[in-house]
Amino acid sequence: MKSNRKLQGTLSLIAAGLLVGASAATANAAPARSGAPAQAAAAHAKVSFPKQDPAQCTAFGKKADARKALAAGQEVIGLWTDIFDMPEAQKLYDTYLTPGPVTHQRTKVGGKQVSADFRNAAETKKAVSGIVDSLKDKLPTASPAFGKNYSLKKAGLGTDLRIAWSDLGTTPGFVAGGLSGVELADGTFVPDQRKITGRYSLARTTSNGKTKVTLNVRGLTLDVRDAVDFCPGNLGSGMIRDVALGMSRLERTPYQDGKECDAKAECFYARPVLFNVTVPLNDVSVDVTDVFSRKAGTTR
């Protein structure tokens with residue numbers, strides 16, 4: 001019956017959410033040391049994803065099996081992005097599940113909804129709060145001049161952030177998720193990255209003999225580099241495991257159509273899609289008078 005098919009599709013979608021969120025999950029990723037370069041974090045991430053199935057990231061032996069896995073992936077992803085109205089995510093997965101050659105080119109993802117999802121995500125706001133708190137801790141020793149702009153990067157803040165988005169009904173959770181990386185079929189490993197750039201300054205005002213000091217953090221921009229992929233990746237559990245396993249195998253299954261993809265083209269049924277998201281974030285202003293009140297002679 002049609003209603004039964006619809007129910008089965010809905011159940012598959014619920015499982016799909018677990019799949020995509022786990023595809024780059026931090027649960028299996030080794031945490032990067034504070035201040036460690038991106039290359040070091042990538043090395044940790046690469047070795048932290050052991051195979052969860054002997055067949056994971058191995059080629060299908062039969063074309064019929066590859067085509068079946070491709071159709072299953074397209075159906076599940078298509079229904080999920082339709083339900084949660086994520087057209088930009090669907091575009092990425094359309095490319096991922098379109099057979100072709102390995103590419104190192106990065107796709108720029110944007111639009112009002114995508115930007116709003118990344119900007120308003122609880123995980124993004126938590127990362128910004130962490131940066132602000134770190135700035136407050138640095139103020140007593142850094143002694144910045146009032147009215148002068150300083151770079152977050154020069155302050156050692158905002159780089160190699162460990163942000164993992166979990167809401168699978170939004171673009172950040174569905175296409176980015178947690179931190180790991182992608183191992184392309186040509187053997188290249190590309191790490192995921194998140195950073196927030198911007199500047200900060202101090203403002204001092206006096207009213208009724210009392211001084212107030214404000215920390216202003218401006219021009220904040222979130223930059224995300226990630227990929228739609230399942231190698232490496234957590235396959236999840238339940239009925240979606242087979243879909244996830246199938247898509248990981250598609251990334252290693254050679255594809256030929258006798259046209260663009262011949263024996264020399266090195267095409268595959270699924271192609272990991274590297275992407276980049278750049279999102280302007282909201283400014284932040286916080287009262288840090290108490291920080292300066294501990295410094296003799298700063299306030300009265």
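Cys-261 and Cys-267 are both buried. They are joined to each other by a disulfide, with 2.2 Å from S to S. Bear in mind as you read on that this is a predicted model. Counting sulfur pairs within 2.5 Å as disulfides, the total comes to two.

**The link of Cys-261 and Cys-267**
- The angle about the S-S bond is -80°, which makes this link left-handed.

**The link of Cys-57 and Cys-231**
- The sulfur atoms of Cys-57 and Cys-231 lie 2.0 Å apart and form a disulfide.
- This pair ties together distant parts of the chain, 174 residues apart.
- Cys-57 sits in the loop between helix H2 (38-47) and helix H3 (63-83), while Cys-231 belongs to the loop between strand S7 (210-228) and helix H8 (240-250).
- The link of Cys-57 and Cys-231 is left-handed, at -120° about the S-S bond.
- Cys-57 is buried, and so is Cys-231.

**Pattern along the chain**
- Counting bonded cysteines along the protein chain, the disulfides follow the pattern 1-2, 3-4.

**Helix H5**
- Helix H5 spans residues 112-120, and its buried residues are Val-114, Ser-115, Asp-117 and Phe-118.
- Viewed down the axis of H5, these buried residues fall within an arc of 160°, so they line one face of the helix.
- As background, an α-helix has 3.6 residues a turn, so residues three or four places apart point the same way.
- The elements covering the buried residues of H5 include helices H4 (87-96), H6 (122-142) and H7 (171-176).
- Strands S2 (107-109), S7 and S10 (273-280) are also among the elements that cover them.

Methods:
Residues are numbered from 1 along each chain as its sequence is written. This is a predicted model: local features need pLDDT of at least 70, side-chain atom pairs count only at pLDDT 80 or more; totals for chains, interfaces and linings use all residues. Side-chain values use heavy atoms; hydrogens and water are left out. Helices (H or I, at least four residues) and strands (E, at least two) are DSSP runs, numbered from the N terminus. Buried means under 20% relative accessible area, exposed over 50%, partly exposed in between (1.4 Å probe, protein chains only). The arc is that of the directions from the helix axis to the C-beta atoms. Contact means heavy atoms within 4.5 Å.
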